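Subject: Structure handover

Hello,

Here is the structure for you to look through. Please open it first, then read my notes below.

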Amino acid sequence: METKKFKDLALSRLGMGAMRLPVTGKEPASQIDDPKAQEIIDYAMAHGINYYDTAYVYHGGESEKFLGQVMKKYPRGSYCLATKYMASANPDYKGVFEEQLSRLQTEYVDFYLIHSVTDQSFRQYLDSGCIEYFLDQQERGRIRFLGFSSHASVENLAAFADHHAWDFAQLQINYFDWTFRRTAEEYQILTERKIPVMVMEPVRGGRLASLTPETEAELKAAHPDWSIASWALRWVRKLPNVQVILSGMSDMEQIRDNIATFNDSKELSDADEKLLMDVCRKFRSQVVVPCTSCRYCTEGCPAQINIPEYLKVYNTGKVDGHRAAAEQMQKVESAGKPGDCIACGACTGHCPQGIDVPALLKELTEMV
Ligand code: SF4
Ligand code: SF4
């Protein structure tokens, strides 16, 4: 396993994310399948992963307890624990921290994070006194390194990063978001401040593990022995300020593939990188609908469906998954719903982009 120096530690480049551990399939839905999850952790330890990332809220609180139990058989100094405080889950940061130490069965947390700084939570974290409290816990040796994870706008990320000299931060970075969102700016903000980056969602919640047949074929032609997910991991690994790359591994196949990637020192060449960027653009254009919101289609719709807004939801579903689409769907203001479409075809005739609206509305109804 490739490692990278962090202060006096040699951290594995691949980190084990404990937010998507295998589940039993019984209620509650987050119930961890202990034997299967334990097999994954044991395999991770046996293959040199020494960074284990959890949070107060993962698996309804069971992820921390599970890790506390399963890691007991290993010497405490042989791995690092990372966990997080989320204000919206429980504002009592002192109580939460004590509970976390107890759940994890440890006297200290190696990497402690303010969890999910967003434009909504940003002020609460700054004003509540929690950061000062955690800095004090760090002084007392109960936290080794203090950082934060962010989903905030670049402006608020920069302001939060300037609070004090953070030891590290966690960002969502993958080649897709780098191309289509402001991820590169976020990375730059941390890099300029010399804050090492832990990466979450390098494979975008699994979305980049499987592309369209045509784009996958292009990647396979270049490197037949690389999995599609490994392209995403190799791309993130090249960024110089990236420290640990987290993967929320749910089964043995994933962890075997990821470890094989990090045991392979072959980096993406410039040609590989160019190919990946081309594939990324092509993939997006193949899965999303090119609606321009011109609204030529809406006037004649007998069901009064807000077609362009629902096509945005459709695109979200294709790129971010059905849960994100379902959430966005709730916010659409429309007299008619996608399921009200009677497939009269009036809209399609007006669409300059030639979009088959009734077919997509039907697919959207099935998706969410
Ligand atoms: S096909 Fe559906 S969305 Fe299009 S105009 Fe007819 S009812 Fe409206
Ligand atoms: S006419 Fe076509 S491009 Fe314009 S809003 Fe309707 S679906 Fe989108």
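Start with ligand 2. By class, its shell has 10 nonpolar, four polar and one charged residues. Ala, Val, Leu, Ile, Met, Phe, Trp, Tyr, Cys and Pro count as nonpolar, Asp, Glu, Lys and Arg as charged, and the others, Gly among them, as polar. Of the 15 residues around ligand 2, the nearest are Cys291, Cys294, Cys297, Pro308 and Cys351. "Around" has a cut-off: the C-beta atom, placed from the backbone, lies within 6 Å of the molecule. Helix α13 (residues 307–320) gives the most to this shell, with three residues.

Two notes on the source. This is a predicted model, where local features need pLDDT of at least 70, side-chain atom pairs count only at pLDDT 80 or more, and totals for chains, interfaces and linings use all residues. Residues are numbered from 1 along each chain as its sequence is written, while chains are lettered from A and ligands numbered from 1 in the order in which they are written.

Now the whole protein. It has 16 helices and 10 strands. These are DSSP runs, numbered from the N terminus (helices: H or I, at least four residues; strands: E, at least two). The C-alpha atoms fill a box of roughly 70 × 50 × 45 Å along the principal axes.

Last, a hairpin. Strands β1 (residues 3–6) and β2 (residues 9–12) run antiparallel, joined by four bridges. Pairing needs at least two bridges found by DSSP. Thr3 stands opposite Ser12 in β2. Two residues lie between the strands, and Lys7 in the turn has a positive phi of about 50°.

Best wishes
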